[in-house]
Amino acid sequence: MSATVKDDLSRYDQKLELILRASARIFAEKSYHSTSMRDISRATGVSLAGLYHYCKSKEELLFLIQDHCFGRVLNRLEERLHGESDPIEKFRVFVDNHLSFFAANMAEMKVLSHEAESLAGDLHEHVSTRKRQYTRTARKILSEVQQAALGSARPPRRHVPPGKNGKPVDITVATYALFGMMNWIYNWYDPRGKLSVNQLVDNITRLFLSGFLSPADRTAVQGGSAQAEKVNIWRSA
C-alpha cells in the first residue's frame, strides 16, 4: 500500500471518528429519533453530501457508533486478558477495560444504553451478536471467580459469596447486576471530579466482589442472629 493511500485512509478514519463522536453526543442530548442528519451536519461542519459519503443513512450512523464501540472494547479486552489465568485479575481487567473506555466515551455509553432497540434487521443482529459475545465473556469470568471461591477450603477475602441459604449467586443475576452498576455511571460520574477512573474501578470491583460492608461491619450491624430476629421495621407497636 502506497504512502498516499495510507494517508487518504488515515484522513478518512479521522473524519469518520469526528462524525461518530459528534453524532453520539447529539444522540445522547436529543435522542436518536429527535436528531436529523442536518443537525449532525451543522455540528460537524460536514455537508449533508459529505455525511452521506461516510454513511448511507442515520440508522447506519447509529450502527457505526455501536459497532465501533463494541469492537474497540472487545479488542482491548482480548489483548489484556491474553495470558491471564487468575479469575480475580480477569475480573479486574474486565471492569477496568469497560469503565476506562466508557468514562472517556460517556455519550457513547448513553447511546448504547438508550438506543439499543433503535436498529433493525441485519444491523441490529450484528450489534446483538457483539453484545452476546461480550456478555458470554463476563459470565465466563464471573463463573471462574465463583468456582475459585467455592472450591477453596479457605475462600479468599475477595469473592462472590453464597447467599444465606448456602446456594451460590446465580450467574445471570450477577452478570446483569455487574453491567447495571457499570453502565449507570453516565448518570453521575464526572471523570474530571475528585474520583479518578482508577478509584472508580477499584471501588466498583471491591463493592461487587466483597459487598458494601466488611465481615466485621456486618456482624456489628446485625448484632448476632438472636438480636436480628427481634428486629421488625414494619412493627406498629
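Phe179 is buried in this predicted model, with a relative accessible area of 11%. Phe94 is buried as well, at a relative accessible area of 2%. The two rings form an edge-to-face aromatic pair, with 6.0 Å from centre to centre and 70° between the planes. Phe94 belongs to helix α5 (residues 87-103) and Phe179 to helix α8 (residues 171-183), so the pair ties together parts that are 85 residues apart in sequence.

Another edge-to-face pair is formed by Phe101 and Phe102, at 5.0 Å centre to centre and 90° between the planes. Both of these residues are buried. In total the structure holds 9 aromatic pairs. Some rings are joined into a cluster: ring pairs link Phe70, Phe94, Tyr134 and Phe179.

The two pairs described above are set out here.

| Aromatic pair | Centre to centre | Angle between planes |
|---|---|---|
| Phe94 and Phe179 | 6.0 Å | 70° |
| Phe101 and Phe102 | 5.0 Å | 90° |

Lys58 lies over the face of Tyr32, at 4.4 Å from the ring centre.

**The nonpolar core**

In soluble globular proteins, nonpolar side chains tend to be buried together. The largest nonpolar core in this model has 58 residues. Which of them touch the most other members? They are Phe91, Phe94, Val95, Leu99, Tyr134, Leu178 and Ile185. Helix α4 (residues 58-81) gives the largest share of this core, with 11 residues.

Leaving aside neighbours within four places in sequence, Phe91 is in contact with Ile141, Leu142, Val145, Leu178, Thr205, Phe208 and Leu209.

**Ile26 in helix α1**

Ile26 is found in helix α1 (residues 3-30). Is Ile26 buried or exposed? Its relative accessibility is 7%, and residues under 20% count as buried, so Ile26 is buried. Not counting residues up to four places away in sequence, Ile26 touches Ser31, Thr35, Asp39, Ile40 and Ala43. Ala107 is 81 residues from Ile26 along the chain, yet the C-alpha atoms of these two residues are separated by 8.4 Å.

**Cysteines**

Cys55 is buried, with a relative accessible area of 2%, and Cys69 counts as buried at 4% relative accessibility. How many disulfides does the structure have? The count comes to 0 disulfides.

**The chain as a whole**

The protein chain has 11 helices and 0 strands. Read along the sequence, its pattern is therefore a run of α elements, written α-α-α-α-α-α-α-α-α-α-α. Of the 237 residues in the chain, buried residues make up 37%.

Contacts across the sequence can be sorted by separation. Among contacts between residues at least 6 apart in sequence, 71% join residues at least 24 apart. The accessible surface of the chain comes to about 14400 Å², and 53% of that surface belongs to carbon and sulfur atoms.

Key
Residues are numbered from 1 along each chain as its sequence is written. This is a predicted model: local features need pLDDT of at least 70, side-chain atom pairs count only at pLDDT 80 or more; totals for chains, interfaces and linings use all residues. Side-chain values use heavy atoms; hydrogens and water are left out. Rings of Phe, Tyr and Trp (its six-membered ring) pair if their centres lie within 6.5 Å; planes under 30 degrees apart count as stacked, over 60 as edge-to-face and the rest as tilted. Helices (H or I, at least four residues) and strands (E, at least two) are DSSP runs, numbered from the N terminus. Buried means under 20% relative accessible area, exposed over 50%, partly exposed in between (1.4 Å probe, protein chains only). A charge sits over a ring if NZ of Lys or CZ of Arg is within 6 Å of the ring centre and within 35 degrees of the ring normal. A nonpolar core is a set of buried Ala, Val, Leu, Ile, Met, Phe, Trp, Tyr and Cys residues joined through side-chain atoms within 4.5 Å. Contact means heavy atoms within 4.5 Å. Accessible areas come from the Shrake-Rupley method with a 1.4 Å probe; for residues, only the protein chains shown count as cover. A disulfide is a pair of cysteine sulfur atoms within 2.5 Å.
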